[in-house]
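Good morning, and thank you for coming. I would like to take you through one structure, chain by chain and then across the chain boundaries.

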Amino acid sequence: MYLVAMAAGFLLILMGLYGALTHRNILRMIVGFTLADSGVHLVLVAVGYLPGRTAPILDSAVPLDEAAQRIIDPVPQALVLTAIVIGLGITALMLAYAYRLFRTRKSLDIAEFTELKW
Amino acid sequence: MTSRFTLRNVAVLTLLALLGVAFWTLGSGYTPDAELNRTAAYYAQNTASEIGAQNVVTAIIVTYRGLDTLGEVTVLFLTAAIVALVLGQTKAPRGSSGSGFLPSGELLTTGTQMLLPIILLFGAYVFVNGHLTPGGGFQGGAILASGMLLLLLAEPGRRFGHRIISRVESLSGLTYVFIGVLGIALAGGFLDNRILPLGAFGSILSAGAIPLIYALIGLKVGAEFSSILESLEETEDA
Amino acid sequence: MTFEWIQIAYAALTLFIVINYGLIMTAVVRKIGARVGGRYGIPVWQNYIDLVKNFALRSKISHGVMFYLGPVFRLTGGIGLLLFVPTIYGSVMFQNFSFAGDLILALYFIFFGTLGMALGAGESGHPLAAIGVSRGLAQVTAAELPLALAVFAISLQYQTLNITEIVAAQQGSIFNWTLFTNPVATVAAMFAFVGTMMRSPFDVVIAPQEIPIGPPTEYHSAYLALMQTNRVLFPVAKVVIYMNLFFGGATNWAEFSIKVFSIYMVSVLIGVVHPRFRVEQSIRFFLKWGLPVGVLAILMV
Amino acid sequence: MIALIATTGFALAMLIAAVVALRTRATAVAVIAAGLVSLFASVLFLFLAAPDVAMTEAAIGSGLTTFLFFFVLGRIRRESGHDQ
Amino acid sequence: MVSAIYIIATGLGAGFLIGLLKDDRKGDAFFLAVAALAAMAWISVSWTLALTAGVAEPQQIITAGVQPPFAINLRMGLAEAGLLSVITLTGLVSAFYLRPALMQLGRRAAAVLVILVMALSGLVLTRDVFNLFVFFELIVIATGGLVLLSNDKRAVAAGFKYLVVSQVISVLLLIGIIFTYHAQGSLNIDDIPAQPMAFTGAGLALFLVLIALVVELKPFPANGWALDIYEAAHPGFSALFSAASATTALYAADKLFAVAGPDWLPLATGLGLISFLGSNILALAQRSDRRLLGYSSVGQIGLVLVVLGQRDILGDAYLYVAGGILITHAIAKAGLFWLSGLVTGRDLADWAVLRANPVLVLAFASFVAMLLGLPPFAGFYAKWDLAHTLVAADRLPVLVLVLIGALIEAGYLFRWFGMAMKRKSAVAFPGFALDKVTAVIIAMVAGWGLGYIWGAAGAHPNLMLATPLAFALLFLVLEPLPAWAKNLLAIAGLLGWVALRYPDYDPLQLVFALVMLAGGAVILLASFHVRGRRLGFYPPAMLMYAGLAMLIDAQTSFQFFAAWEILTLGSYFLILRGQDSEPHALSYILFSLGGAFAILAGFALAAMGIQPFALVNLAAIAEAGLAIAPWVFVLLAVGFMTKTAAIGLHIWLPGAHAEAETDVSPMVSGILLKAGLFGLWLLLIYMGRQTLWGVDLTHVLVWIGALSAFLGAVLAIFQEDAKRLLAYSSISQMGYALFGLALMNHLGWLLALMFVINHFVYKSMLFLAVGGVKERTHTKLMYKMGGLITLMPFTFISVLVGIIAMSGVPPLSGFGGRWVFYNAIMASDLRLPMVLIFITGPIGFLYLFRLIHTIFLGQLKDEHRKLREAPFWIVLPQMLFVAFLIAFAVLPGMMLRRVDAYIATITGDQALTWSGRVITSEFGYWNPIAIAAVIGAIFVLVLALLLAINHNATRVKQFNIVFSAERPYKPQTTHFAWNFFAPYRKALGFLESPVVTTFWGALTDSLHASADFARRIYTGNGQTYALQVVAFVVAVYLIAMGGVS
């Protein structure tokens, strides 16, 4: 299961990057990056997964003294949580930039914003 | 995307294939741990006694890796501020705000007015119970923000209390930092949750300062999301 | 090799002999040249006449200090060159002032007169004088090169810079002369000799047959007399160096006069049969022929 | 076993949605497809015993992000006066 | 001590607090931000001070009351404290600098700024790898926001490109982090064990983390995005971006490389080298100032990455070296960006406006020197130690590449400085905002202060405490005084120093001290002719003299090298003052620095890691017959020969000497060249003959000397410009001296020493004379002069004496040189090079004659009829020199004898016998007094004869005789001067073909062309940039993997 998730995650990353690197439309680039982000999150969570264990919540289903044997690794989940929020922040920022860029040129083609070069 | 097989696309494909080789190496060499590694094992064994939270993820997020979370909240704070900055310099034409992809009607407006308190309450529930059940400040904050989203959709022309949102945002942030500092003074270090009694394991008022912090996070995140949404939606007075 | 006051008198005597010898020799040479050419030529005392005439002329004209000093430099250079070199080997009287310095002094002192003359001619302001100076300097620097190499070769050969010692090493037999012990160096030196005697084919600098040109253009009367004196003195002084270095020196005045005359005639003979070179041609000539011989001389020591 | 199949199924669905997000010509469709990818991913998170992450991904990844996109898209559409 | 966590807490608290303010209370927001930054800076600085003083111990800060690795922990050590100080202080100053922009953008911008500084601090402090990521993202977002502070519309696109690339990086970083966590069971950096470089499992994960961090450093060529930011952002922010962000990112990479173990260091070294070299080369083609600074930043960070790659061999010195370069760069770059905010135009040449304010010029110069690691700044010490460590560890190729890169960097930085000093400003003088100027001054002071600290902290003597340097720096403060007062002080200082140090010198040092310092004082007499304050003259001049004084005193290789660089720097600024000297000063400094780098490498090679390395130990190396000995010899010799302008390395000299000011030319010609001779001298004394591949290296030097002498002279005769003629003559003369030195016998050395003295005297004299003529005629072209003898008689006399002395015609002192020279070569067994030297002698005579003839003789030009003699203060030193030359000609023993005895103690033979006034060698003899007396007597007699006959000659006008008093229409047609030695040109003109110039020109041209071509990879397309990042990562991955397997 974790392998499926991990493979899917890696694929998603590559696909997302492909989109981000080939689409000239800025919004589509950002879409590509959100895909890649989702892929990263998947890989992260998959790494923390231990087959046959439960979510890291110490409720009645998981006795405290057996916790170490029963729950999966909570750390990657905590990391992903952070990563998701940060990803949103960056995406929002990129979107704002995309709009701002659009306002200057009436275009969303990344290849048009090359006044700075060399 | 005029042609699928431009030189660039081929180059990208090649590069990504090579990157994929690296990923493949990582993935194929991956074997899940049979036992929790020492960090995770420590959390599994000590969360209850040290932090007093049922949800280990919450314990990690709010306390063990509290500094990350503080940073994360700050990311949103920054994003909110900067999105406002980015868009603030380009005023949208007046009278043409609104997302424009959903019709706002009487029904939506009324529905929103009814739904809003419930949404807000639900959000609060999610973050207050973060140390017990799945969910917490971020999820709760997102739910709060969805309420705001609804309002935006329902009444595109209307302006909401920027001041209130930003006050909530900043105040909760300040308090968060203040609590963190209190941790140094009263407990083991920055962001130590044991400045408040741990309480009875599993009850709502347990896990020291975690419910408080998560509530602050929830408020803050909600405010920040709202502020971002609002900025992107309309910026005439941002 | 210490100085005594009597040496001044001896030096004056050397000077007197050499000047007279030079006056006569150059006239004889000209006469021979004329006879070869089927002309009658000048009387052998013609130089004396010219000299006296020029000394007798009274000039009121000068172009400035350097102009005035130019001939003085020139003649000082000639006299100095003569007096820094021993004239007669083994004679106490005719050692002159050679105690002041060795071969290097003599070689470098050649430039003293040249420099003064060039400066004087320069101040005359006559463009033709300047052109002459430019040509003369350009040519002489190239021409002197084989000599410098040859001198270096023989000083290495004899392991000394002392002229007297070099002459001493050549005594005994004619085959002890550098001419025979080191013919390459001698040939190299003779290149320089021919090139610096201001005779055809290397006489474009003063070019007597054409318009008045060359450093002396503006000089006249007493200035010219000084320069004429030098013109008879200087070649002899130079030949003396060659004689000392390559032809065994002279142990008495008779040997002196024969050797000097013979060596001098080398340049005359070459001049008779060669047309005049332009300056860059002579520079090329010396670099192409003189220089390799000189280098060879150095390498063979 | 069922979980594995379900996981695989959702993963496939997610990848298909991703392909759509990449290949479609309409940006709006791409955005929605990307949201769908997030949604499927959050389901996968549930299978991977990560309810916290699942909630967050659903709320933020597929929810908020999509709305952000649409707001910007809407503004751009309004200002350019024609479809992007 | 206040815990470092409060830096973070303060930053966050202030950020949130600003959020509470009303929108219109921008002033309060700004005040809050500044207060927070000040508090953060105070904490950082107090930690730095306490840790340095040993009052405090490095602190481990735990959060959440839980020990690491279970909770995030921070660490405050000396490195962290130092970097935090840099970051927070830069932030603070930049905040003031950005004030107008912040006010315009509103309170949020102030909050973002504070949080950016907080995030940078956090990145430095944290020991948790995921926490690292969080702070990174904070920095990315804050950067994305602050880019908007710029008025430049293009900044928005730049910000977006930056975000795009950051996304790619964060993907790599996260994947790397999670697999590292999986492998180590911990997120704590200190729990990552050192591991071999591998590309599976943990190794690959670590690789991803490392490469992501490296990409954060904007390595060439995957850095178009960062360059755009540098170019478009507000300079105040760019300062922060370069000084703080780049520094922090580097420290982050350092943390991980530190734990990853030595196996990974070659990766850092390789990428650093590529970045350093690549971006420096590309910067060559850059005309936009801020983009240039961007390239330079990238390059410098690459350099520190190289240093990072050497941490396995640097050991304890790592902090000192890396910190020295990193912090110096941060300060200098911040300063330069702040400066760029004062310049309205964006072209490099627009920096000419800075000339309106001397302090800013000083700041600019300081920053350039800091970036290049020149003394007395901190980078210098670091560069020195780095070179030594690299060589000791057998990593010479790394050093070579670093030095090449540094040379290229020097190329564009000094070109830029030259433009700023010499070009006409296209834009009007804007008037400088006081707060911005203050920021620049703060950076400058910080840079100087850091130099002092590094000097005090290192194992080396602190250069700033060296009396000569301190004295030179004093003139910076004294600049407002009038020139005559400064001149007086300068002369007193030079003479005083010689008097003070005199008892300790051996005869050799004494000769050089007298020539360089006392002689320098004499030349300074000429400087009295300048009125006004003469800004910018005395500090560089005294810097040069300070370097010379320190050079003579140097005991260790470090002191020697430091002195060398100081005098190079000083003389560069001095040369740059000349009217058309911009390109020449540039080639001077480049050749000099290239030479200096060779010297550095040579010393490093010799020291084999042991410091301090006494110069005397060179002898030990030579004696031990080590394999490196000949290489040391070659490197040092090449270095010194750049200063003596040996042929092939000479092309800087003619322009530099010719275009310099009247009193500067003699300084740089008569004095500065001797520094190279001094070095060669020491080298030959200590190391003697060295053989490489069966070739005796001193023979090579003999050849080089002979060729320099010959070609210098040939080129000199073809010059139309009087000062150029003298300059080429210097090449020739230095060739003689080198030749003499390399003969390796007693007389050869004596010859060289006579050249040291003689060349100084007559070249100074001639340059002053020609300079004096130029002051009056306003031209250096000889054919435009003529007939000046009567108008400028004193100058004429000095030229006359000068050329007699120089050409070696008896009786003046030059002849002594020739005499010693002949004796020296007699004692040597080298034959062929002598030939060249023989040719040179007469040719030298030619150019000297030309000099005196075309200027002073011939026809006077109409426009010069009313000229006066050169200014008194220019003539005075010439007359002193004339007196000296005559005295030295007659009494050469007064100085030579002591030196001769000294040389005898080294060579162990007694080549000359001094009996009475006669000097006798093995081969010949020389009696200077007799020569002078004989010549004098004959001269007087002949003159008396002429006077007797012709005493009443009257002077006539020049046209009277030949032109029958008819003045020709154009007098210039009668002055034969142009192309004076036309026959020579016809015969030997081929020697004039500029082979060497063409060679160096082609080298630089091809560098420029390739730079101009290569920089087109920066298409400006953000997507392409992202693609380049991916390609970079993949390429490194493949190459490194190939390297491992």
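How many helices and how many strands make up the secondary structure of chain B? Chain B has eight helices and zero strands, where helices (H or I, at least four residues) and strands (E, at least two) are DSSP runs numbered from the N terminus.

Before I go further, a word on the source. This is a predicted model, in which local features need pLDDT of at least 70 and side-chain atom pairs count only at pLDDT 80 or more, while totals for chains, interfaces and linings use all residues. Residues are numbered from 1 along each chain as its sequence is written, and chains are lettered from A and ligands numbered from 1 in the order in which they are written.

To return to chain B, its pattern along the sequence is α-α-α-α-α-α-α-α. The chain has 238 residues, of which 57% count as buried; a residue is buried if 20 or more other C-beta atoms lie within 10 Å of its own, exposed if 12 or fewer, and partly exposed in between, with C-beta atoms placed from the backbone. Among the contacts in chain B with a separation of 6 or more, 71% join residues 24 or more positions apart. Here two residues are in contact if their C-beta atoms, placed from the backbone, lie within 7 Å.

Chain B also meets chain D. Helix H8 of chain B, residues 210-233, packs against helix H3 of chain D, residues 51-80, at an angle of about 20 degrees, and the axes are 8 Å apart. Axes are lines fitted to C-alpha atoms, for helices over the stretch in contact, and angles run from 0 to 180 degrees between N-to-C directions. H8(B) and H3(D) are therefore roughly parallel to each other, since angles under 35 degrees count as roughly parallel, over 145 as roughly antiparallel, 65 to 115 as roughly perpendicular and the rest as oblique. The crossing of H8(B) past H3(D) is left-handed, that is, the near helix is turned anticlockwise from the far one by less than a right angle; clockwise would be right-handed. On the H8(B) side the contact involves Phe225(B), Leu229(B), Leu232(B) and Glu233(B), and on the H3(D) side Leu64(D), Phe67(D), Leu68(D), Phe71(D) and Val72(D). By class, that contact has eight nonpolar, no polar and one charged residues. For these classes, Ala, Val, Leu, Ile, Met, Phe, Trp, Tyr, Cys and Pro count as nonpolar, Asp, Glu, Lys and Arg as charged, and the others, Gly among them, as polar.

Next, the boundary between chains E and B. Here 50 residues of chain E are in contact with 51 residues of chain B. Which helix of chain E gives the most to this side? That is H5(E), with 10 residues. The side of chain E that touches chain B has 35 nonpolar, 13 polar and two charged residues.

Within chain E, the axes of helix H2, residues 26-53, and helix H4, residues 107-125, come within 8 Å and cross at roughly 10 degrees. H2(E) and H4(E) are therefore roughly parallel to each other, and H2(E) passes H4(E) in a left-handed crossing. Residues making the contact include Phe30(E) and Met40(E) from H2(E), and Leu113(E) and Val117(E) from H4(E). This contact has 10 nonpolar, one polar and two charged residues.

Chain E also contains an open sheet of three strands, in the order S5-S6-S7, with antiparallel pairing. Its edge strands are S5(E), 913-915, and S7(E), 925-926, each pairing on one side only. Strands pair if DSSP finds at least two bridges between them; S5(E) and S6(E), residues 918-920, have three. Ser915(E) stands opposite Val918(E) in S6(E).

Turning to chain C, 66 of its residues are in contact with 60 residues of chain E. H5(C) gives the most to the side of chain C that touches chain E, with 16 residues. That side divides into 42 nonpolar, 16 polar and eight charged residues. The two chains also share strand pairing: S1(C) and S8(E), residues 954-955, pair in the parallel sense over two bridges, and Ser62(C) has Arg955(E) as its bridge partner.

Finally, is Val18(C) buried or exposed? Val18(C) lies in helix H1 of chain C, residues 6-36, and counts as buried, because it has 24 C-beta neighbours inside 10 Å. Beyond its neighbours within four places in sequence, Val18(C) is in contact with Leu82(C), Leu233(C) and Val236(C). Thank you.
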